[in-house]
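Please find below a short note for a reader who is new to this structure. The points are numbered and may be read alongside the sequence and the model.

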Amino acid sequence: MTDSTTPARTVTGERADLLNELAQARHFLRFTTRELTDEQAGQRTTASELCLGGLIKHVTATERSWAQFIVEGPSALGDFDSMTEEDFARRADEFRMLPGETLAGVLKEYEEVARRTDELVAGLPGLDVDHPLPKAPWFAPGARWSARRALIHIIAETAQHAGHADIIRESLDGAKSMG
């Protein structure tokens with residue numbers, strides 16, 4: 001699948017496969033927001049805090065962080081143990097549309113992060129470069145992730161949230177991404 005987030009540099013092999021899979025997951029996530037107003041993009045349709053605009057914001061932040069991890073290592077993900085109440089509140093704001101935010105703005109930011117990630121992957125000397133993961137309850141102590149593993153995680157996160165978005169959209173107005 002080719003869209004505006006596909007890198008200008010020609011990539012082949014494993015990188016092309018990974019970037020194509022990511023492009024497809026991104027497409028389905030964005031597709032759930034078609035023809036919505038800002039109000040609809042911020043509307044909760046389930047018991048959770050999730051809304052379509054918030055999901056896009058969360059996936060944008062997640063992709064940005066993991067792409068930075070590929071370059072910078074664990075400092076890009078922060079130190080879980082030193083997170084403050086403000087940090088947790090800021091993270092919670094990733095899952096909802098805040099006053100003044102627009103769906104167009106959220107989608108534009110996502111497109112920019114996607115473009116930078118694609119350029120990063122296309123330009124990496126190799127996918128085997130790895131870094132230790134920061135200490136956090138969800139990572140095994142001493143674990144390391146390669147650029148490849150971080151990219152697979154971005155793909156999985158995006159695909160998982162595209163499924164969440166599909167449920168939210170169907171609950172919102174009956175529209176489906178597929179089927």
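**Salt bridges and a lysine**

1. In this predicted model, the side chains of Arg 148 and Glu 14 form a salt bridge, with an N to O distance of 2.5 Å. The pair joins distant parts of the chain: Arg 148 belongs to helix α6 (residues 147–173) and Glu 14 to helix α1 (residues 13–31), 134 residues apart. Arg 148 is partly exposed, at a relative accessible area of 23%, and Glu 14 is partly exposed at 37%.

2. Arg 148 also forms a salt bridge with Asp 128, whose closest N and O atoms lie 2.6 Å apart. Asp 128 sits in the loop between α5 and β1 (130–132), 20 residues from Arg 148 in helix α6. Asp 128 counts as exposed because its relative accessibility is 57%, and the cut-off for exposed is over 50%.

3. A salt bridge also connects Asp 118 and Arg 26, at 3.0 Å between the closest N and O atoms. Here helix α5 (residues 103–123) is linked to helix α1, across 92 residues. Both Asp 118 and Arg 26 are buried.

4. The salt bridges number 14. Arg 44, Glu 49, Asp 93 and Arg 96 are linked in a network of them.

5. Lys 57 lies in helix α3 (residues 52–72). With a relative accessible area of 15%, Lys 57 is buried. Its side chain reaches the backbone oxygen of Arg 96 at 2.8 Å. Among the residues that Lys 57 touches are Asp 93, Glu 94 and Leu 98. Lys 57 and Phe 95 are 38 residues apart in sequence, with their C-alpha atoms 6.7 Å apart in space.

How values were computed: Residues are numbered from 1 along each chain as its sequence is written. This is a predicted model: local features need pLDDT of at least 70, side-chain atom pairs count only at pLDDT 80 or more; totals for chains, interfaces and linings use all residues. Side-chain values use heavy atoms; hydrogens and water are left out. Helices (H or I, at least four residues) and strands (E, at least two) are DSSP runs, numbered from the N terminus. Buried means under 20% relative accessible area, exposed over 50%, partly exposed in between (1.4 Å probe, protein chains only). Contact means heavy atoms within 4.5 Å. A polar contact is a pair of N or O atoms within 3.5 Å; within protein, one must be able to donate a hydrogen and the other to accept it, and residues adjacent in sequence count only if both atoms are side-chain atoms. A salt bridge is a side-chain nitrogen of Lys or Arg within 4 Å of a carboxyl oxygen of Asp or Glu. Lists of a residue's contacts leave out its neighbours within four places in sequence.
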